[in-house]
Amino acid sequence: MTTLVDAPVTPAADDASARRRWAGPIGLGLIGLVSFIFFGIGSGGGNETTFSVARQSDFFTIPTLTVPSQLTATALSVIALALAGLAVWATLQRRTLGWWLPVVFTIAVMGSLLTWAGAGREGTNVQITGLLTSAIVLSIPLVFGALSGTLCERSGVINIAIEGQLLFGAFLAALVASATGNAYAGLVAAPLAGALVGALLAIFAVKYWVDQIVVGVVLNVLVIGLTSFLFGSLMRDNPNLNQSMSLGRLPVPVLSEIPIIGPVLFNHNALVYIMYVTVIVLHIMLFKSRWGLRVRAVGEHPKAADTVGIKVNRTRVRNVILGGAIAGLGGAFFTVAAGLAFGKEMTAGKGFIALAAMILGRWSPKGALLAALLFGFADALRLQLGIMGSPIPSQFLGMLPYLATIFAVAGLVGFAKPPAAEGKPYKK
Amino acid sequence: MSESTATTDRSSADGPESEGSPEEAGRDFGRLMREITQSDLLVVVFAIFAAMLLGGLLVVLADKDVLATTGYFFSRPGDFFAAVGGTLSSVFTTMFQGAIYNTNASDVAVGIRPFTQTLTVATPLILAGLGLGLGFRAGLFNIGAQGQIIIGATVGAYVGFAWDLPVVLHLIVAVVGCVLGGAIWGFIPGFLKARTGAHEVITTIMLNYIALNLVSFALSKTAFQRPGSTNPQSPLIAETAEYPLILGSAYNLHLGFLLALAAAGGVWWLLERSTWGFQFRAVGANPHAARTAGMSVSKVYILVMVTAGALAGLAGSAQILGTEHSLTAGVAASFGFDAITVALLGRSRPLGIVFAALLFGALRAAGPALQVQAGVPVDIVLVIQSLIVLFIAAPPLVRTMFRLPAPAHVKEVAA
Amino acid sequence: MKLELRGITKKFGDFTANNKIDLLVEEGKIHALLGENGAGKSTLMNVLFGFYDADEGTILLDDEEVVFAGPGDAMAAGIGMVHQHFMLVPPFTVAENVMLGHEAVTGFAKILDLDAARATVRELSERFGFHLDPDAKVEDLAVGAQQRVEIIKALSRQAKVLILDEPTAVLTPQETDELLEIVKQLRDSGTSVVLITHKLREVQAVADTITVIRLGKVVGTAKPTASREELASMMVGRDVSMTVDKGTAKPGDVVLAVKNLSAKDESGHEQLRRVSFDVRAGEILAVAGVQGNGQTELMEALLGVIPTTGGKATVDGEVITGKSIGDVLMSGVGFVPEDRTEDGLVATFTIANNLILDLYGIEPYSKGLALQPAAITEHAERSVEQFDIRTTSIRATAGSLSGGNQQKVVLARELSRPLKVLMASQPTRGLDVGSIEFVHKRIIQERDAGTAVLIVSSELDEVTALADRIAVMYQGQIVDIVPADTDRETLGLMMAGAHGEDAA
């Protein structure tokens, strides 16, 4: 009999995989279809689209690329539809496909859209390099925000206060940079601001067991009120405390001169490079190190962690403060990294998009990066299409990240499983 | 169940809100005092007090007259304290005069105008707060009142300016439009939650931004544009669709306020006395048990969100048909977000929400006066508001700050 | 290592879980801590393990006084614990769970040395014949295997004292025997073992010393040679009849008929495979089996909590599968869920409201949309009296009641409407003996009133005490349906998958 019970698998667990989820594949199919009808066929026969990628400083110049609009957009849409078909097949076969599928799908649809938007516009090129560069730049606060959310939630604390952490980071960066006359001092101050908001979240959520969503929401209001108030009083009375300070560009030697990749990835200010390092370090630490193992244990089963001597609440407090600091650093994007003075509510909901990127990225730094890049790209696209005078109302493009998020949480939920102890205060 | 879980159940069931057992609570005066100091009400009062104090401190610290005196604080500290005192008294006087009674007024009719303004501002807060509170009771953290107000106001505005209907009927149809608009915007997250499990916090946040984009888009189209204007604002709604002013044209207070009070009564009945409310509360407190007892949790989620959206839509009607009379992208101001703090401060109870809305309405109503007379940015209101909610959410913090005795059960929970 | 507890007192508010408890565990002995549910055994062990702070008393290891600030300290001192509710992180692998808290790491960044952890798991699992794959995820393991991970976890920390908290609750009788063998093996290698249990059979099988705890106090020690009756009366504080008093069943027509029922759980795993059985009016069919073999899903599928994927169930010929939970309940089915705090009660609701949790929609408790407070109050007062629910007020919250009284609330509610079928899962789990007797009595009364009763229990004693017929489940199927007087050995073998005739 012992052989029977020694089977390492629960009864009936081997034969069936998770319930089929159709929302994802169907959504992809619909988007692919829209792409096919509107962008593919809609590009109109005979039109041409010109893509340009080059800059003068490159090692060598890549000529502009002119393609027949309808054919290209249609072809890209067909690729997207094929990928949707693959997703349907995978669902039927109960197989899971890697993260490459949504990424390639998105690239195909976006390519189709760009081809359509640039169709028949003599003299107006689709600026690929510019588009990708601004996608990276616009994703900065989203990446930092999503990393913050990931760190907090992996330890079991929901961080809705990302928005407030970004905003306070932006505020203090501007204030300190202006007061010291050094943008880098602002870059140092930003994480401190975020950490402060994180510490408040930690105190209320971990020590006083206040509902984490409540604290987060209220902290956002507090930071908006506080920064707007100081903006309207302290900064108004002393304009020298809120000046446009800029970090300045630090092109990476050699690498920054590679066509496309150079300007897109290696010709930025310090914050972008810090972002690269942060993502890589956090990803490794979270999944390979002792610290990461303990953090994840605390977020999944705090009592189990406690019984092996891990201090649950201490871990949570540290993570939330660290997460706050990271989001605060992302806040520096709005002021010292962008070379702007502080403005009222200037984060404009980016913290919530970061939250969405965290969910879409399945609570992993790598995933958060990909999702944030996707949203950054959508934003960059909105700007580029605005410049090109696209027929799509800018409001609809503005909605894109929000719609994508709703689609993601509604369609992909179940495949994305949050840490089990998330949102629950740990009481012995 | 093991002993350990049995005992932790005991302690956690005695949540921070329940009182100590009667045997333990001593006698007579001592007992009375303990009950008062341990009650929620006292915590609320002290939380408001502490938040006002901190808010005042912030104003003082950011005030340029006060800051000027700090430069020579050690040579003439008296100037510093005089400046602090001057700023504080001017702030609190202005708040009182801006929100309750204008003591400078020539007669009572003018003097009470600030108070009627407080009631007017409180109206959308009550309505949206009721919607959110209803959601909280059913375990739904609906952050979407902002979007629901916007969509409700958009529909109501369209009915108001584009349709031509007889008196009374026009108002009714416009109100119904607001309610429907809000209800639809509430239905979406409710439906998504029920069908796919999508977390309502995320979906409602996103729907707020979508609503904002939608109204901006609408206002860029001729159907919503005011003729002869390039600004993104709609034509004025017809007078037939406006809420009547209940104290005459000298005051802004409109019928929507009475509607809000009626809605508070209605929501109380719904929650406490109806079978729907019984289901809402059961699902909110323990969805598993509610489901096992035969309730449809999905149906409750949808119903609650639709009702909450409808109430937020009513709040939108107070804005568009009561005070604004013309649609702009800022029609909801920040009422949807303020309503979250209202519902939290009111502990999701209708009566509590009415009082919380009056308090925050008063703070808001005092805003313009603060800005103009005391030179204090109106945003201080947000700071005070959020501090109040933070303090109330953590009674032990307030008790520590003011050295109030801890209720008997706290030891138990801490153990 | 010798372990001694002196005068341990632990209070939760005004409830004293442990009252001046003394305990002496000699090196290399198995010390059984015997007591019924709620007696304070687990609390005592949690104090010893550093999980709770004691209000009074001292802990001595080899005659040295020690103070534990947390479980980490206790472990460092050589105390290991296998918790009743496993303290394993489900999405982690076996190796990760074993290493958690005392990880081998390399380098400045403290990168995990998983190979070292795998080696530890392999080595220990070989020594005890555990067959554990270090890279298997714990959430994919059967409960028995998970328990072995817990044991390895403790041993990998060089535990000199091993505490086992109700370790056999989730095991088949055969697995239980195996575990007890391992416990003896550990003792012989010099480990001191504390075995916490309320099962007399296990105590008699392995214990060297027995300490009995009742209502938070030590009531005495006993030798393993003491008779079961002696131990039982020490444990409960009075003479207890070891059997349930019930007359013979007078089965009537088939009421609940289940035919080829299949179902999947929420994550899509097939947990119920073509299950068929009948329950007649006036009889109790008890479903036996090790937890996790589809019993939970059987009840949930019948009630409509999870959708069925095949087959059907009827009550008095009327199909109930595919109906909503509310409709199933209203067609005359009473349901007592397995986890009463999770599924049976709303802890923050009053007792009165819990008593109408599935009745609120019918007269007299409501008319139209309006609840009728007077009728609700009257119903509550009647139920509290009839079911002897010990409470200060019907306005007290259900969460403030003891487990036994909570279960009485659930029973009172379900039995307060005319039933055709009563379905009860683990009806006495975690209850004290008095409450167990009460619940059993009411269930038998309901049977005698002509209701068809379906019971699921993983306690074999309960199954044999209540059942008129026994259905044994294994891996989502019914192995066989056998008479109530089938012997324990046979049932145990069936619970591990052997068919009735093979087993017998």
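Residues are numbered from 1 along each chain as its sequence is written, while chains are lettered from A and ligands numbered from 1 in the order written. Since the model is predicted, local features need pLDDT of at least 70 and side-chain atom pairs count only at pLDDT 80 or more, but totals for chains, interfaces and linings use all residues.

**Exercise 1. Find out which strands of the chain A sheet sit at its edges.**

Step 1: get the order. The sheet is open, with three strands in the order 2-1-3 and mixed pairing. Strands here are DSSP E runs of at least two residues, and helices are H or I runs of at least four, both numbered from the N terminus.

Step 2: look for single partners. Strand 2 (65–68) and strand 3 (126–127) of chain A each have one partner strand, so one side of each has no neighbour in the sheet.

Step 3: check a pairing, which takes at least two DSSP bridges. Strand 1 (residues 48–52) and strand 2 of chain A run antiparallel and are joined by four bridges. In this pair, Glu48(A) is opposite Pro68(A).

**Exercise 2. Work out which helix of chain A supplies the largest share of the side that touches chain B.**

Step 1: count the residues in contact (C-beta atoms, placed from the backbone, within 7 Å). That gives 38 residues of chain A against 40 of chain B.

Step 2: list the helices with at least two residues there: helix 8 (212–232), helix 9 (234–237), helix 16 (350–360) and helix 18 (394–411) of chain A. Helix 8 of chain A takes the largest share, with 14 residues.

Step 3: sort by class. The chain A side has 27 nonpolar, nine polar and two charged residues.

**Exercise 3. Decide whether helix 15 of chain B is mostly covered or mostly open.**

Step 1: apply the cut-off. A buried residue has 20 or more other C-beta atoms within 10 Å of its own, with C-beta atoms placed from the backbone.

Step 2: count along residues 335–345. Eleven of the eleven are buried, so to speak a mostly covered helix; among them are Phe335(B), Asp338(B) and Leu345(B). In chain B as a whole, buried residues make up 53% of 415.

Step 3: look just past the helix. Arg347(B) takes a positive phi of about 50°.

**Exercise 4. Find which residues Ala173(A) contacts beyond its sequence neighbours.**

Note on methods:
Contact = placed C-beta atoms within 7 Å. Nonpolar A, V, L, I, M, F, W, Y, C, P; charged D, E, K, R; others polar. Buried ≥ 20, exposed ≤ 12 C-beta atoms within 10 Å, placed from the backbone. Lists of a residue's contacts leave out its neighbours within four places in sequence.
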